[in-house]
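Please read the following note alongside the sequence and the model.

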Amino acid sequence: MIADATQSGEDQDLAEIRRSVRALCEGFPGEYWRAADRDRAYPTAFVQALTEAGFLAALIPEEFGGSGLSLRAAAVIMEEIQANGCNGAACHAQMYIMNTILRHGSPAQKEKYLPRIASGALRLQAFGVTEPTSGTDTLSLRTTATRQGDKYIVNGQKIWTSRAEHSDLMLLLARTTPRDQVKKKSEGLSIFLVDMREAVGKGLTIRPIRTMMNHSTTEVFFDQLEVAAENLIGEEGQGFRYILSGMNAERILIAAECVGDAKWFIEKATGYAKERTLFNRPIGQNQGVQFPIAKAYAQMRAAELMVHEAARVYQAGGNVGAEANMAKMLAADASWAAGEACVQTFGGFGFAEEYDVERKFREARLYQVAPISTNMILSYISEHVLGMPRSY
Ligand SMILES: Cc1cc2nc3c(=O)[nH]c(=O)nc-3n(C[C@H](O)[C@H](O)[C@H](O)COP(=O)(O)OP(=O)(O)OC[C@H]3O[C@@H](n4cnc5c(N)ncnc54)[C@H](O)[C@@H]3O)c2cc1C
């Protein structure tokens with residue numbers, strides 16, 4: 001295990017969380033993930049074990065049955081999952097989606113949903129934002145929710161709604177006021193909590209999409225779906241603002257996952273480089289093999305510090321947009337560099353299923369694109385941090 005160089009300064013609680021996550025992950029070795037990957041099966045037992053151990057309720061306050069931990073602690077959980085060869089993408093959304101209910105939900109909504117999400121009785125794993133035509137341009141999304149008495153009628157389509165088949169609830173972003181009728185272009189979108197158990201077959205259709213890695217992602221169709229007006233979260237028309245605040249937590253947690261992936265790749269590559277002997281010496285004695293791994297390690301450490309800084313700013317209640325975005329980009333780049341170094345170090349065996357390297361490599365590639373692609377992060381830094389002209 002690659003040591004966290006800051007561990008000496010880390011408080012005991014975080015060290016204990018790391019140990020517990022590691023112990024849980026030992027029950028889900030490479031064979032478990034290879035079998036799930038082969039069948040594109042959802043890792044139900046793993047998600048169940050995390051839920052029962054309370055890890056997915058880390059951010060839910062104690063008054064609602066969670067452990068009320070900090071974002072830093074939640075990041076440690078996600079990082080350890082990845083560093084131990086598991087895949088938190090099966091359930092990471094449960095950690096942060098509930099934040100929207102916590103921050104913007106009514107007291108009745110919090111009381112109704114949060115304790116049951118914390119106990120695992122209700123799964124909140126699906127997040128319906130992206131659409132096929134609008135993509136990254138969220139303000140152009142076309143799914144509509146039209147108020148009719150005590151209901152909203154939803155029509156439209158989402159894509160890449162991950163885990164929709166393995167979740168009871170979906171947080172949905174839809175347009176409630178036409179774009180040409182709002183004062184500010186960021187207004188007119190609203191968030192709903194859709195109970196998919198009632199909706200499937202009654203206006204909601206879910207179709208799985210097979211992807212290059214095992215991700216349980218889907219496309220979702222809404223055809224005259226009725227959603228009770230009491231399931232609107234916060235104020236109608238303010239949904240985009242709510243979604244943005246939740247996305248910063250998402251970026252920090254996914255950055256922590258990328259740091260964990262980088263640690264996994266670096267440990268694998270280092271171990272193999274020391275043990276594989278060719279030309280009468282370990283391949284790791286060659287600087288051509290050492291340097292890409294050492295460079296990836298330095299990148300990972302820098303990204304790790306930015307994740308810590310982003311979590312600190314988030315917890316202090318500051319505007320964390322810049323740090324969350326930079327953490328996500330640096331960590332995704334570090335994990336990709338580490339993955340590349342790992343495949344190269346393993347040579348041909350890097351492509352063989354049994355070493356898990358190729359699976360992890362496929363899984364790590366996603367984070368250059370989702371939940372936000374590198375170009376959009378660079379645009380954010382250019383405009384909001386450096387003050388250059390808006391490019392789109
Ligand atoms: C496996 C998977 C799981 C996902 N899970 C979810 C989920 O659960 N919920 C959800 O809502 N979404 C999810 N997504 C969607 C994900 O967030 C988007 O794929 C991502 O934000 C990119 O959007 P897009 O695919 O529509 O690409 P597009 O927006 O079509 O962009 C295509 C490319 O063009 C670039 N580009 C676009 N505009 C600009 C510009 N102005 N300047 C420079 N470059 C630009 C982008 O960076 C990107 O590289 C998932 C995606 C995948 C692949």
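Between which domains does the ligand lie, and why?

1. The ligand lies between domain 2 (124-240) and domain 3 (241-385), because both give residues to the shell around it. The domain bounds come from an automatic or database domain assignment. This is a predicted model, in which local features need pLDDT of at least 70 and side-chain atom pairs count only at pLDDT 80 or more, while totals for chains, interfaces and linings use all residues. Residues are numbered from 1 along each chain as its sequence is written.

2. The shell around the ligand has 22 residues, and Val129, Gly135, Thr136, Trp160 and Ser373 come nearest; a residue is near if its C-beta atom, placed from the backbone, lies within 6 Å of the molecule. The shell divides into 10 nonpolar, 12 polar and no charged residues. Here Ala, Val, Leu, Ile, Met, Phe, Trp, Tyr, Cys and Pro count as nonpolar, Asp, Glu, Lys and Arg as charged, and the others, Gly among them, as polar. Helix α12 gives the most to the shell, with 3 residues.

3. The protein chain has 12 helices and 10 strands; these are DSSP runs, with helices (H or I) of at least four residues and strands (E) of at least two, numbered from the N terminus. Its radius of gyration, taken over C-alpha atoms, is 21 Å, close to the 21 Å that the globule rule (2.2 Å times the number of residues to the power 0.38) gives for 392 residues, so the chain is as compact as a globular protein of that length.

4. Of the 392 residues, 47% count as buried. A residue is buried if 20 or more other C-beta atoms, placed from the backbone, lie within 10 Å of its own, exposed if 12 or fewer, and partly exposed in between. Helix α5 (residues 92-104) is mostly covered, with 11 of its 13 residues buried.

5. The largest nonpolar core has 120 residues; such a core is a set of buried Ala, Val, Leu, Ile, Met, Phe, Trp, Tyr and Cys residues joined through C-beta atoms within 7 Å. Helix α8 (residues 239-275) gives the most to this core, with 17 residues. Phe192 is among the core residues with the most contacts inside it.

6. His166 is found in the loop between β3 (151-159) and β4 (169-175). His166 counts as partly exposed, because it has 17 C-beta neighbours inside 10 Å. His166 and Ser216 are 50 residues apart in sequence, yet their C-alpha atoms are 8.3 Å apart in space.
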